[in-house]
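Me: I want to check the labels on this structure one by one. Please set each value against its cut-off and then conclude.

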Amino acid sequence: KAGVTQTPRYLIKTRGQQVTLSCSPISGHRSVSWYQQTPGQGLQFLFEYFSETQRNKGNFPGRFSGRQFSNSRSEMNVSTLELGDSALYLCASGPTRVEQFFGPGTRLTVL
Amino acid sequence: AQKVTQAQTEISVVEKEDVTLDCVYETRDTTYYLFWYKQPPSGELVFLIRRNSFDEQNEISGRYSWNFQKSTSSFNFTITASQVVDSAVYFCALSELGNQGGKLIFGQGTELSVKP
């Protein structure tokens, strides 16, 4: 089976812009979660989707949003980018809400 | 409150040494899962193991072994006869069931450097 894929792998944006990141889960997986990784804060949970419904949300401002489509693919959007949004964004999928297998991540740089 | 603590920020060993990575967790749930992930320089988190709170049996997989002790809220990871390819950042994580399911709480990670 192919693993979790994330696109794009690298992205450079400027402050104030918005960005959309995409995640394709492993075939058959219905749960998708998103995490932000920074040197200062480590790995922090953003949100989780299961069967197109957001089941859980981390402590991030409303500029961070996401959605899941009927084919389980997920996107996350960050509006009005700030320098502090520079991070590695990791997506994980699982057949259940417990198991999580991660993709390679999208490295976002905000200038 | 849920929390995972990996007190060792960096560990450096010489190849073939055994090394233990410590993980201590806090949770009020009686049903939870514990995980270990490996993050090589490429950045992808590689799943290593998942244990549920009702299964305290130690597990061995090749050179890897895990010791889960509920009495001390610890889930330690030992690599026997370490190799250079084991160099990576290792994360311990906690997931509680109930309405928090699907959310992993990660420790700060332990960077392991194995020198030839």
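Reply: Start with a definition: two strands pair if DSSP finds at least two bridges between them. Keep in mind that this is a predicted model.

Me: How do you know that β5(B) and strand β6 (residues 46–52) of chain B are paired?

Reply: Count the bridges. There are 6 between β5(B) and β6(B), and the strands run antiparallel. The rule asks for at least two, so the strands pair. One position to look at is B:Leu34, which stands opposite B:Arg51 in β6(B). The two strands form a hairpin with 6 residues between them. In that turn, B:Gly43 has a positive phi of about 105°.

Me: What makes β5 (residues 42–50) and β6 (residues 53–57) of chain A a pair?

Reply: The test is the one just used. DSSP bridges number 4 here, with the strands antiparallel. At least two are needed, so β5(A) and β6(A) pair. A:Phe47 has A:Lys57 as its bridge partner in β6(A). This hairpin has 2 residues between its strands. A:Ser51 sits in the turn, with a positive phi of about 50°.

Me: Which other phi value in chain A is worth a look, that of A:Ser72?

Reply: Its phi is near 75°, positive in a residue other than glycine. Most residues other than glycine have a negative phi, and most peptide bonds are trans. A:Ser72 lies in the loop between β7 (64–68) and β8 (74–78) of chain A. A cis peptide bond also occurs, between A:Thr7 and A:Pro8, with omega about -10°. A:Pro8 belongs to the loop between β1 (5–7) and β2 (10–13) of chain A.

Me: Why is the contact of A:Glu99 with B:Arg50 called a salt bridge?

Reply: The closest N and O atoms are 3.7 Å apart. The limit is 4 Å, so the pair qualifies. The rule finds 1 salt bridge across the interface of chain A and chain B. Over all chains, the search finds 9.

Me: What makes A:Glu48 and A:Arg97 a salt bridge?

Reply: N to O is 2.7 Å. That value is within 4 Å, so this pair counts too. A:Glu48 is in strand β5 of chain A, and A:Arg97 is in the loop between β9 and β10, 49 residues apart.

Me: How many residues are in contact between chain A and chain B?

Reply: 22 residues of chain A touch 21 of chain B. Together the chains bury about 1600 Å², 54% of it on carbon and sulfur atoms. A:Leu43, A:Val98 and A:Phe102 supply 35% of the area that chain A buries against chain B, more than any other three residues. The count of residue pairs in polar contact is 3, both partners being at pLDDT 80 or more. β5(A) gives the most to the side of chain A that touches chain B, with 4 residues. By class, that side divides into 9 nonpolar, 8 polar and 5 charged residues.

Me: How many aromatic pairs does the structure hold over all chains? And why do A:Phe102 and B:Tyr37 get the geometry label they do?

Reply: There are 20 pairs. For A:Phe102 and B:Tyr37, the ring centres are 5.2 Å apart and the planes stand at 90°. Centres must lie within 6.5 Å, and planes over 60 degrees apart count as edge-to-face. So this pair is edge-to-face. It crosses between chains, from A:Phe102 in strand β10 of chain A to B:Tyr37 in strand β5 (residues 32–39) of chain B.

Notes
Residues numbered from 1 in each chain as written. Chains lettered and ligands numbered in written order. Predicted model: local features only at pLDDT ≥ 70, side-chain atom pairs only at ≥ 80, totals over all residues. Heavy atoms only, no water. Contact = heavy atoms within 4.5 Å. Buried area = accessible area lost by both parts, 1.4 Å probe. Salt bridge = Lys/Arg side-chain N within 4 Å of Asp/Glu carboxyl O. Polar contact = N/O pair within 3.5 Å; in protein donor to acceptor, adjacent residues only side chain to side chain. Nonpolar A, V, L, I, M, F, W, Y, C, P; charged D, E, K, R; others polar. Phe/Tyr/Trp six-rings, centres within 6.5 Å; stacked < 30°, edge-to-face > 60°.
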